[in-house]
Amino acid sequence: MSKPIRIALTKGRLEKDTVGLLEKTGFDCTAVREKGRKLILPVPDANLEVVLAKANDVITYVEHGVCDLGVVGKDTIMEMNGKFFELVDLGFGKCKFALAAKKGTDFYSGYGIKTIATKYPNVARSFFETKNMDTEIIKIEGSVELAPLLELADGIVDIVETGTTLKENGLEVIEDVAPISARLIANTVSLKLRHQEIEKLIKLIEENL
């Protein structure tokens, strides 16, 4: 048997959903479910090896070829702009990037430079470039909703799932930026060298989506 295809999964909800999908496909993921503290886990009947990592690291491992495949959110893909193939929209982990501001704000009025707070500066920059708008982007690591409340920013670009946090903090969505869901990505070299094996796996996954 050839060496296992190595697939990096984003820890947490995407990991659980991907494992569920692999089990639906008929693979035995017992080792992954009972992982303990292990970070590399076998799925022997699929000739797979699962690597558990943070979202940004999933892309790094796939780009550098230490993992053949990866499952990561479209948000991380959009922010990191890496060199890899995006193969399948897995349809889970759904949410969206949105532009939000204080309730009742006429965000697009006036000609001044808008200040935008975000954890995703590249996504925000690209969005406002398409509108030919001058913006100052401020990167925030924690609760980005604080920035408009403290009058650090005119608006925020963030991931919105239900919108509850925005509402509770007196903010509202001004405009949707982009839909987000989990994607299957592949290393460019792996896709050439292991094309048949990867194609076979993709076919199984797609049949069970």
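Reply: Let's begin with the largest cavity, which is lined by Ile7, Thr18, Leu21, Leu22, Val71, Leu90, Leu184 and Ile205. This is a predicted model, where local features need pLDDT of at least 70, side-chain atom pairs count only at pLDDT 80 or more, and totals for chains, interfaces and linings use all residues. Residues are numbered from 1 along each chain as its sequence is written, and side-chain values use heavy atoms, with hydrogens and water left out.

Me: What makes a residue part of the lining of a cavity?

Reply: On a 1 Å grid over the protein atoms alone, a cavity is a set of points where a 1.4 Å probe fits but cannot get out, and lining residues have an atom within 4 Å of a point. Helix H1 (residues 13-24) gives the most to this lining, with 3 residues.

Me: How many cavities of 30 Å³ or more does a search of the whole structure find?

Reply: The search finds 1, and the largest cavity has a volume of about 40 Å³.

Me: Why is leucine 150 called exposed?

Reply: Exposed means over 50% relative accessible area (buried is under 20%, partly exposed in between; 1.4 Å probe, protein chains only). Leucine 150 has 63%, so it is exposed. Its place is the loop between helix H6 (146-149) and strand S9 (155-160).

Me: And why does asparagine 132 count as exposed?

Reply: Because its relative accessibility is 73%, asparagine 132 counts as exposed. Asparagine 132 also has a positive phi of about 55°, although it is not a glycine.

Technical notes:
Helices (H or I, at least four residues) and strands (E, at least two) are DSSP runs, numbered from the N terminus. On a 1 Å grid over the protein atoms alone, a cavity is a set of points where a 1.4 Å probe fits but cannot get out, and a pocket is an open set with protein on both sides within 12 Å along at least five of seven lines; lining residues have an atom within 4 Å of a point. Grid points are joined across faces, edges and corners, and a volume is the space filled by probe spheres set on the points.
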